[in-house]
Amino acid sequence: MGELVPGGTVPLPGGPVRLRVAGAFDVSALVTGADGKVAGDGDFVFYNQPHAPGVRLRGDTLAVDPARLRRGACRVTVVVSAAEPGTPLGRLPAPRLAVTDRSGRAVAGFAPPRPGPETVLLLAELYHRPGSGWKLRAIGQGYTDGPAGLARDFGVDVADDGGQSATAAAAPRRPPGPGASPVSDEFIRLVNSARARAGRPPVVPDPRLLSAARAHARAMADGGRLGAEGRDGVSVYQRISAAGYGYVTVGEHLVSGPRTPAEFVDHCLGSTRARRTLLDPAFRHAGLAHADAGDRYWTALWAAPLTPDGLARRVGEVVARTNAERARTGLPPLAVDPLLTTAAQAHCADMVARDFYAHTSPGGAQPWDRAAAAGSRRRLIGENIACGQRSPAEVVDGWMNSPGHRANILKPEFTHIGAGFSGGGRAGTYWTQLFGG
């Protein structure tokens, strides 16, 4: 059985599956199409409406048969809330999802990070894309505004009597495109027009970025301020990871004031730094959302997906720029060591996964411990780390402007290097250089 982390996925076996959340929770499900919205009241399965085509709720267990879902359905989102209306989920034991196949064999499990003030939690989703089978993705995204959050993100018309009843809107909506919305459609059209004028490739909407943008815009509106971290303590980059998007490069616009996508794009094009992001040829995907709280809060996310080749190019450029700095002082280049590379990459991933930034890991491991664990027997070990920088040029320049980091890069006794990079976490990007001699 696969134990998932937020954003993790696992293929589902053919046929029905059962999804159980034990404890003092109400379990429900939202059936949506490519637009990410319910199409009618039959798409919301909860205790007062326990049946829909392909979905049945019995007690704490949802049975889902993807082959029997309504026509056009490609996603089933599992939602939990406290059985006692209005109770913050942080007051309860953390929910845990157990997924089994038709024979009762365990398929996957997921226990999200412990919620805080949230009263509704998107726990996981079953989804299907053309040309591939059904998969399960762990989410763990919460709403402090309860059923209103569902209404905002899924087009659900919620009648809330303290959290005990809800009905889905019956009016069908025109699908605006995979993972998109009318606002997102207009945004992508305006952005790609500007990118075409500048000779840049187009971007396409990504439903995961859209989901993360919605969550962060709402968090900013709830807190009444712009910021990369919401009042809930979650950064915009952590929301991207939780939505299941792994990236090799990322950008964001966090803006308040504009009332329309056109005003938002004009605002970005009028700022040198924001314009550079909007027109950056490295970005392939984008998502835009807003939330209102007197003012209108916007989040636009830009990213290029993480691929093995993209990661190799990124860390390769770090090594090349490091060796260029050594060459300027007459030092020989550092050779790439695969074992040091493994240790450096593992440390970046660990900092993202365990939400820390330090040379010493929460378990007490030091750089030389990580090198030895990867199999390295080099006697002299040094490490540089950084977070938040958006490019190899920026991170190497930052190290060279720091006396301690510069000393590692220019240390004559070092002969080998491994570099690592991970996107996500509180800071958005994490970098490691591990030196050996």
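In this predicted model, the second largest pocket holds about 600 Å³ of space. Its lining is made up of 21 residues, and those closest to the centre of the pocket are Thr249, Val250, Asp280, Phe283 and Arg390. Strand E15, which covers residues 247-256, helix H6 (272-278) and helix H7 (308-328) each contribute at least two residues to this lining, and E15 gives the most, with 6 residues. Sorted by class, the lining of the second largest pocket has 8 charged, 7 nonpolar and 6 polar residues.

Helix H3 runs over residues 207-223, and its 17 residues reach 24 Å from the first C-alpha to the last, close to the 24 Å expected at 1.5 Å a residue. H3 is mostly covered, since 13 of its 17 residues are buried, and after the helix comes Gly224, whose phi is positive, near 70°.

Stepping back to the whole, the protein chain has 11 helices and 21 strands, and its C-alpha trace spans about 75 × 50 × 40 Å along the principal axes. A compact globule of 437 residues would have a radius of gyration near 22 Å, and because the protein chain has 23 Å, the value agrees with that expectation. Of these 437 residues, 50% count as buried. Among contacts in the protein chain with a separation of 6 or more, 70% are accounted for by residues 24 or more positions apart.

Note on methods:
Residues are numbered from 1 along each chain as its sequence is written. This is a predicted model: local features need pLDDT of at least 70, side-chain atom pairs count only at pLDDT 80 or more; totals for chains, interfaces and linings use all residues. Side-chain values use heavy atoms; hydrogens and water are left out. On a 1 Å grid over the protein atoms alone, a cavity is a set of points where a 1.4 Å probe fits but cannot get out, and a pocket is an open set with protein on both sides within 12 Å along at least five of seven lines; lining residues have an atom within 4 Å of a point. Grid points are joined across faces, edges and corners, and a volume is the space filled by probe spheres set on the points. Helices (H or I, at least four residues) and strands (E, at least two) are DSSP runs, numbered from the N terminus. Ala, Val, Leu, Ile, Met, Phe, Trp, Tyr, Cys and Pro count as nonpolar, Asp, Glu, Lys and Arg as charged, and the others, Gly among them, as polar. The expected span of a helix is 1.5 Å times one less than its number of residues. Buried means under 20% relative accessible area, exposed over 50%, partly exposed in between (1.4 Å probe, protein chains only). The radius of gyration is taken over C-alpha atoms; the globule rule is 2.2 Å times the number of residues to the power 0.38. Contact means heavy atoms within 4.5 Å.
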